[in-house]
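The sequence and the model are shown below, followed by notes grouped by topic.

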Amino acid sequence: MKKKIIAITLSVSMALSMAGCGGSGKESPAAAGSETAAKTAGGSSDSVTASAGNAELIAIASEGLNTSIACDPIELSLGCSGTVDGTVMGDAIYAAIEAAKSWTDGNFVVNFYPGGQLGGDVELIEGAQMGSVDMFTGAPTSQVGLIPELAVLDIGGLYADVDSANQVLSSFKDQLEPYYNKAGLHLATMYAPDFRILSSNKPVTTAADLQGLNIRTQENKYHMAFWKELGTNPTPLAFGELYIALQQGMLDAEENPWASIVGAKLCEVQKYVVETNHIPFVSTYVMNKSKYDGMSEEQKLACDQFVLFCERYQLAGTADDDARMSKLCQTDYGIEVTPVTDEIRELYGKASQVVIDMMKENIDPAFVDSYVEAAKAAAK
């Protein structure tokens, strides 16, 4: 019994911290101070280990970058609401911190504050607007309240692979930048290293299996509409309460990327994982616009390269890390992992259209159509 209580406590604690950098503000309560010190360039054994232990990914992330930048000294704060230790995202940031330091002879310094030290997702957005936070990384789902157009990223069923998603995200970054600028922000990058997938205590291989499935979703009307159209019973629930809800049978299923399923120990209370790949798991790096505009060209180059390094590293390393977590779930937890069936994937089109029609009631229909058409073109 004691072990069970400890496991539940640990799982809830992990859940609270894991969702932050890749989830919405509702996903991450952001336990401020959960990590006692900022990870700074050259100041953390974690950063040294990360950069030294992933030479292949560092080489990919560094390809073609300017390794000799003569910029004046500058320090930037980078916030994240979730814990990133032991993740590809964390490794990418720590390695990028070291790389930027080496490019600039120690003049470009990024002080990294994970674990909600600078606040949760909402606080990070507000801090970046006010200038108390220079830069933050997080999912755009937490930014939709500020920039409604980001809701297009919540349309499910548009992509078969992350390459197609990233092709569209890359092209739409410039279209979204004016909305960020209006809010006093600069969108440094936006990319999808992964997809959200389904975990369940019931097998899900046919359309009939989805009918009445009690699934936890984010408190996001577009996500909920997508799953309702598929025949499930979507239920919003705080991420920190999910482990116990699944354990006690209050819910059958949930959907998240691999890192959240494993990091929050949901694999302990689930029997099946279906790689539904229904919605890209998008990451952004957002900066205070005045801070960025006020930097010299050399400092901007170092900053742009820092963000690009993080993006390249994470994109190159996520597939292998997902495969590692998939194997872990199968061998250590006995979970059955399967790809989504064609029968279920064929349902996505109708469910997506329901979301698209809803979305057009809230944001410019032409913008929604242009995003959807770009996604369709990328899929060909």
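A residue is called buried under 20% relative accessible area, exposed over 50% and partly exposed in between, using a 1.4 Å probe and protein chains only. The model is predicted, so local features need pLDDT of at least 70 and side-chain atom pairs count only at pLDDT 80 or more, while totals for chains, interfaces and linings use all residues. Residues are numbered from 1 along each chain as its sequence is written, and side-chain values use heavy atoms, with hydrogens and water left out.

**Overall picture**

- The protein contains 15 helices and 10 strands; these are DSSP runs numbered from the N terminus, with helices (H or I) of at least four residues and strands (E) of at least two.
- Of its 380 residues, 54% count as buried.
- The accessible surface of the protein is about 15,500 Å², and 51% of that surface belongs to carbon and sulfur atoms; such areas come from the Shrake-Rupley method with a 1.4 Å probe, and for residues only the protein chains shown count as cover.
- Contact means heavy atoms within 4.5 Å. Among contacts between residues at least 6 apart in sequence, 80% join residues at least 24 apart.

**Helix 12 and its partners**

- Two packed helices are described by the angle between their axes and the distance between the axes. Axes are lines fitted to C-alpha atoms, for helices over the stretch in contact, and angles run from 0 to 180 degrees between N-to-C directions.
- The axes of helix 3 (residues 55–62) and helix 12 (residues 297–333) cross at roughly 130° and come within 8 Å. Helix 3 is therefore oblique to helix 12, given that angles under 35 degrees count as roughly parallel, over 145 as roughly antiparallel, 65 to 115 as roughly perpendicular and the rest as oblique.
- Helix 3 makes a right-handed crossing with helix 12; a crossing is right-handed if the near helix is turned clockwise from the far one by less than a right angle, and left-handed if anticlockwise.
- On helix 3 the contact involves Leu57, Ile58, Ile60, Ala61 and Ser62, and on helix 12 it involves Phe309, Arg312, Tyr313, Ala316 and Gly317.
- Seven nonpolar, two polar and one charged residues make up the contact of helix 3 with helix 12; Ala, Val, Leu, Ile, Met, Phe, Trp, Tyr, Cys and Pro count as nonpolar, Asp, Glu, Lys and Arg as charged, and the others, Gly among them, as polar.
- Helix 4 (residues 88–103) also packs on helix 12, at an angle of about 145° and with the axes 8 Å apart. The crossing of helix 4 and helix 12 is right-handed.
- Residues of helix 4 in this contact include Val88, Met89, Ile93 and Trp103, and those of helix 12 include Phe306, Phe309, Tyr313 and Asp321. By class, the contact of helix 4 with helix 12 has 15 nonpolar, four polar and two charged residues.

**Helix 6 and helix 15**

- Helix 6 (residues 162–182) packs against helix 15 (residues 365–379) at about 155°, with 8 Å between their axes. The two helices are therefore roughly antiparallel, and their crossing is right-handed.
- Among the residues that meet are Leu169, Phe172 and Tyr179 in helix 6 and Phe367, Tyr371 and Ala378 in helix 15. The contact of helix 6 with helix 15 has 11 nonpolar, four polar and no charged residues.

**Two residues of helix 14**

- Serine 352 is found in helix 14 (residues 348–359) and is buried, at a relative accessible area of 5%. Beyond its neighbours within four places in sequence, serine 352 contacts Ile155, Gly156, Gly157 and Phe226.
- Valine 354 also lies in helix 14 and is partly exposed, at 28% relative accessibility.
- Valine 354 and phenylalanine 226 are 128 residues apart in sequence, yet their C-alpha atoms are 7.1 Å apart in space. Leaving aside neighbours within four places in sequence, valine 354 is in contact with Ala225 and Glu229.

**Positive phi outside glycine**

- Aspartate 105, although not a glycine, has a positive phi of about 55°. Aspartate 105 sits in the loop between helix 4 and strand 3 (108–113) and is exposed, at 73% relative accessibility.
- Lysine 265 is not a glycine either, and has a positive phi of about 65°. Lysine 265 is placed in the loop between helix 10 (258–263) and strand 9 (272–288) and is partly exposed, at 26% relative accessibility.
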